[in-house]
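Visitor: Hi, I'd like to look at how this one packs together. Can you walk me through it?

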Amino acid sequence: MSQFDFKRLQRTMTIYRVVQFILLALLAAMIFLFQTRYGLLGKPDHFFKSIIAAFIAQLVMVYPLYRLAWRDAGVEVDSSISGLSVDVLTALRKKRLMGDLWKMSLILFFLIFVARAPGADKMGTPFFQSTALFAFLLIFLTYFQCFNFCAKKRMKQVS
């Protein structure tokens, strides 16, 4: 029977909860900012279309995010076994780096998309920017929630 030390994983889950709270606050601020901006432009319907498009993007990404979170949580649970060999730790580190690469790719995609999306000066409304920002925040909130859920589930399985 292997001994598990979930101290590091529980700290990671706590950090993710704090990040979720910050992302929710940022999402609320962005919603207020864009709703006000759309109101001043006289196009409140574009605000709701932007929110709906962001939710659709989140729904499309739920399953891949859940799979990534399940994999990342599994790596974290596996690395919490005490007395692992150097080869196993190296393999787990490579898996962790691959997950980080996927997350950084998603962040980079959204940064480039938001920077290159047409703004108010080109389209008359900030529709693409608001949709991209809302989708970005919702997708990362989903990942952090999935990770915490998967980590708790995996910890129960091995305990």
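Predicted model: local features only at pLDDT ≥ 70, side-chain atom pairs only at ≥ 80, totals over all residues.

Visitor: Which residues touch the most other members of the largest nonpolar core?

Guide: L9, F134, Y143 and F147 do. That core has 33 residues.

Visitor: Which helices each supply at least two residues of it?

Guide: α1 (7–41), α2 (44–79), α3 (86–116) and α5 (127–158). The largest share comes from α5, with 14 residues.

Visitor: Okay, helices now. How do α1 and α5 cross?

Guide: Their axes come within 10 Å and cross at roughly 160°. Angles over 145 degrees count as roughly antiparallel, so α1 is roughly antiparallel to α5.

Visitor: And what hand is the crossing of α1 and α5?

Guide: α1 passes α5 in a left-handed crossing.

Visitor: What residue classes are in that contact?

Guide: The contact of α1 with α5 has 24 nonpolar residues, seven polar and two charged.

Visitor: New topic. Where does L133 lie?

Guide: L133 is in helix α5.

Visitor: Why is L133 classed as partly exposed and not buried?

Guide: Its relative accessible area is 22%. Buried means under 20%, so L133 counts as partly exposed.

Visitor: What does L133 touch?

Guide: M30, F34 and V114, not counting residues up to four places away in sequence. Also, L133 and L111 are 22 residues apart in sequence, and their C-alpha atoms are 9.1 Å apart in space.

Notes:
Residues numbered from 1 in each chain as written. Heavy atoms only, no water. Core = buried A, V, L, I, M, F, W, Y, C linked by side-chain atoms within 4.5 Å. Buried < 20%, exposed > 50% of the residue type's maximum accessible area, 1.4 Å probe, protein only. Helix = DSSP H or I, 4+ residues; strand = E, 2+ residues; numbered from the N terminus. Axes fitted to C-alpha atoms, helices over the stretch in contact; angles between N-to-C directions. Parallel < 35°, antiparallel > 145°, perpendicular 65-115°, else oblique. Left-handed = near helix turned anticlockwise from the far one by under 90°. Nonpolar A, V, L, I, M, F, W, Y, C, P; charged D, E, K, R; others polar. Contact = heavy atoms within 4.5 Å.
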